[in-house]
Each structure stands twice: as structure tokens, then as C-alpha cells.
Amino acid sequence: MTSKPSATPSNTNNTGTPSVPPKEDYKYHDFLKLLNPSEPNKQVTVALFGVGRAGTIHLGNLLGNTRIILKYVVEERAERRKEIENIIGGSSSPIKVVGIDQTNAVLGDKSLQAVVITTPTFTHKDIVLKALDYGKAVFCEKPIADNNEDIKKCYQKAQDAGLPLLCAFNRRFDPSFSTLAKRVHAGELGKVHMVKTCARDSPLPSLEYLKISNGIFHDCAVHDIDLVCWTLGQFPTRVFSTAIAHRKEIADIDDFDTVAIQMTFPGGTMALIDLSRLAVYGYDQRIEVFGPGGMLQCNNQSSVTLQSFKSEGVQDQPILYSFASRYDDAYKRQLNHFIDVVQGKEELIITAKQTLACCRIASAAEKSARTGLPVDIKYDD
Ligand SMILES: NC(=O)c1ccc[n+]([C@@H]2O[C@H](COP(=O)([O-])OP(=O)(O)OC[C@H]3O[C@@H](n4cnc5c(N)ncnc54)[C@H](O)[C@@H]3O)[C@@H](O)[C@H]2O)c1
């Protein structure tokens, strides 16, 4: 027997307006938390290391988060330190902006609880290990280190010290991607047949960055690999990929700008990853999951939703241009997750096992592209 629909849905009042804001409007829920605080705000004291592209995003978020006291910024380049001093309000600011010769002094400050590391990848391992030695919780931009052995060392040290080490796979905190993953985890699609992701960068990173990026597989593909594996709750057992450098300057540094990765999972689920170092129409970030129960898809976003309708056709606004704007919310939510972990309110949602698997899969995918052969993967970490 089908029940008769009630005149007023359960989350609406008798005027027909929703009495409970939908959970999808997470920004409204954040507003409600500020409107009706349930407990006093305990702040975490933090130092930021490295203020280039990624570090500038985190600097803005650290300054704008009422749960954080930013005490130090450690930056190698003197001219950048000057610019940061201008951003934070000059010499009257309580935030100390220092060079890397001050690293030990900063980490030795007993009031410092955590560090955010956004220096180039090749420097991560040493700063992570040192920060853990000094008893600080660590938020580190992806990847945690250049290779599996060093990533293992970092997690081992974090485990021995009983301190959190967060690998900042920001896409996990994107509201659209995380809603999609939750619904896949809940079984809405049944056994997934196929996942497709597309990640095309914008703008093209500088050649100086590309030279020290550790290559497109470890610099870019790791994001998609993590997103796919997390969404499926599995790691692939076979990887096959092809890659090419259409740009001479990228071929000259023995890297690639265009990559296709196919992953096969236990049970037969397949995934396809489509990567490019440059899309001229903006930062192209999409995911699609397909199964017997249907398809879930997240598409590109624009900051302005205006559409124009003319005799020559319908036109949308440009999609978000780069990671700073596309993942603005994700970076903020990721930082709040880290603070929750430091304060013992949440467990890390990105584990050592997952981070190590991503590095292993990225290496296998690179090996496949360079040899032209599929690569089988065993997980013994
Ligand atoms: N999650 C993301 O969306 C995302 C986006 C971009 C970069 N990243 C990651 O962030 C890291 C940094 O990348 P980027 O593009 O910001 O690089 P970048 O070159 O723009 O910035 C790095 C900054 O660190 C400074 N620096 C170098 N060594 C230092 C040290 N020992 N101590 C303090 N400062 C130091 C440099 O002077 C520079 O200002 C990389 O690991 C990269 O993979 C992540």
C-alpha cells in the first residue's frame, strides 16, 4: 500500500518554507554555528612554511580562520617575505615573518601546536620530520615526499610521536565531490562499473615549477588517483597508461603534458583518468561514476551563473580559472578538518595507507607510460 503524501513535507512549516536548511547548504550551516556557538572557541597556534602559489591560498585561509592563531610565516625568498609583511599589516603585525635560517627557532617555540607545509615537494620530507621531532601536528601539501620510502618514514615518525600528519588531498573536501563519494559509498549506484575523471590544469605552471614538480604523475595524477580510490573504497590491481608531451619545453625536461590512465580494480570496476597541463577554457575538473543504479556526475563551475540568450545562441560564463578559485571551499574545509583533528574532534580522513597507495599507483602509471606495458600492483605497505 502506498501512503498518501502529507500536505506539508516534514521539513517545511505551515507556510511551505523549509524549517530546516538543507544539509547541502553547508555554508548556511557554518553561518548557524557562528550565530549559535555551542562552545568557547579554542584556538590552535600555527606556523606556515613556504608562501608561493599553494602557500598564498593557505595564508589567506589561516588569516581568515577564527580557530587559528598564525604565529610565524617561514619563507625562503626575502622579496616574498617583504610582500607577506605588507599583506599582514607591516611591522605592527603580531605574526613573525622569518627566513629558513629561523626554522629551528620557530619549531622550538613551545606555544606552537601545528605547522602547515607548502614548500616545494622536494623539501617536504625534511620539514615534516623536523616538525614531528619538535612535537608539532603537520598539515603538508601533497605529495608528502618524493617517493614511497620517504612517505613511509614520515608516517612512521608521526605514528611514533602520536601526532597527526595530513596529506592535503584537497579534492576530498570539495562539497560536490564529497557528496558524490558519500552517495557511492551508500550504494546508490550498486556495484560501480566505471569512474571517469578529467583534470586539465589552468594556467600552465611555470617551467621553473615543472622542473621541480616531480613530474605530472606525482604532481597531478595523484589527486585523481586519490579521488577515484576514495570514491570506490578500493585500490587498483592493474594500471595501464599512455602519455605524451605536446609542448617541447615539457618534452625537454622528460615530462608529459597529456596523460591517459586506465585502472582496473578487484571485482572488475574500471577507471579512466584524463589529464592535461593546460586547458585554455579554464580549470577543467570533472568526475562521473556509472553503475547499474545510474550515474552521478560533477561538472565544472563558474563564479557567475549568468546565461545570455541571443539569436546566435546561448552562452554561459567562463568556468573557474584555476585551483585557487575552483577549490576555494575545499581548502577552507580541509583546514577546518585539520584543526578538528588537532583538537581531537575527528580522525584524519586521509590515511597513511591511502597516501602510500596513491604514490605507488602514480609510480606504476608512470612506469606503464614509459614502457608501454600494463603494470600489476601489490600492496604490501
Ligand atoms: N593541493 C593543491 O591544489 C596544490 C596546488 C599547487 C601546489 N601544491 C603543492 O604545494 C607545494 C608547493 O607548490 P607551489 O606551487 O606553491 O610552489 P611555489 O614554488 O609557488 O612556492 C613554494 C614557496 O616555498 C618557498 N620555499 C622553498 N623552500 C622553502 C623552505 N625550506 N622553507 C620555507 N619556504 C621555502 C619558496 O620560496 C616559494 O615561495 C608542492 O608540494 C605542490 O605539489 C598543491
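Biologist: What pLDDT does the protein chain average?
Modeller: Remember that this is a predicted model. Of the residues, 95% score at least 70. The average pLDDT for the protein chain is 95.

Biologist: How far apart do the C-alpha centres of domain 1 and domain 2 lie?
Modeller: The domain assignment makes domain 1 out of 44–168. Domain 2 gets 171–326 + 349–376. Between their C-alpha centres, the distance is 27 Å.

Biologist: Which element gives the most to the side of domain 1 that touches domain 2?
Modeller: Across the boundary, 14 residues of domain 1 are in contact with 12 residues of domain 2. On the domain 1 side, α5 (121–133), α6 (148–161) and β6 (165–168) each bring at least two residues. By class, that side has nine nonpolar, two polar and three charged residues. The top contributor, with four residues, is α6.

Biologist: Where does the shell around the ligand lie relative to domain 1 and domain 2?
Modeller: There are 26 residues surrounding the ligand, and the closest are Gly50, Gly52, Arg53, Ala54 and Glu141. Domain 1 (44–168) gives residues to this shell, and domain 2 (171–326 + 349–376) does too, so the shell lies between them.

Biologist: Which element gives the most to the shell around the ligand?
Modeller: Two helices to check are α2 (53–64) and α5, as each supplies at least two residues of the shell. Sorted by class, the shell residues come out as 10 nonpolar, eight polar and eight charged. The element that gives the most, with three residues, is α2.

Biologist: How far apart are the end C-alpha atoms of residues 45–165?
Modeller: In an unreviewed entry, UniProt gives this span as "domain: Gfo/Idh/MocA-like oxidoreductase N-terminal". The span is 45% helix and 21% strand. Its end C-alpha atoms are apart by 16 Å.

Biologist: And over residues 178–296, how far apart are the end C-alpha atoms?
Modeller: UniProt, again from an unreviewed entry, lists those residues as "domain: GFO/IDH/MocA-like oxidoreductase". Here the chain is 30% helix and 33% strand. The end C-alpha atoms are apart by 12 Å.

Biologist: Is Val97 buried or exposed?
Modeller: Val97 sits in strand β3 (residues 96–98). Setting aside neighbours within four places in sequence, Val97 is in contact with Val73, Glu75, Arg81, Ile84 and Glu85. The cut-off for burial is 20 or more other C-beta atoms within 10 Å. Val97 has 21 of them, so Val97 is buried.

Biologist: What is omega for the peptide bond from Ser202 to Pro203?
Modeller: Pro203 is in the loop between β7 (194–200) and α8 (207–211). The bond from Ser202 is cis, with omega near -10°.

Biologist: Is Asp254 buried or exposed?
Modeller: Asp254 is in the loop between α10 (248–252) and β9 (258–264). Its phi is positive, about 60°, although Asp254 is not a glycine. Exposed takes 12 or fewer C-beta neighbours. Asp254 has 9 inside 10 Å, so Asp254 counts as exposed.

Biologist: What is phi of Asn214?
Modeller: Asn214 is in the loop between α8 and α9 (215–232). With 19 C-beta neighbours inside 10 Å, Asn214 counts as partly exposed. Phi is positive in this residue other than glycine, near 75°.

Definitions and conventions. Residues numbered from 1 in each chain as written. Predicted model: local features only at pLDDT ≥ 70, side-chain atom pairs only at ≥ 80, totals over all residues. Domains from an automatic or database assignment. Contact = placed C-beta atoms within 7 Å. Nonpolar A, V, L, I, M, F, W, Y, C, P; charged D, E, K, R; others polar. pLDDT = per-residue confidence, 0-100. UniProt positions renumbered as here; feature names shortened; annotations may be inferred. Near = placed C-beta within 6 Å.
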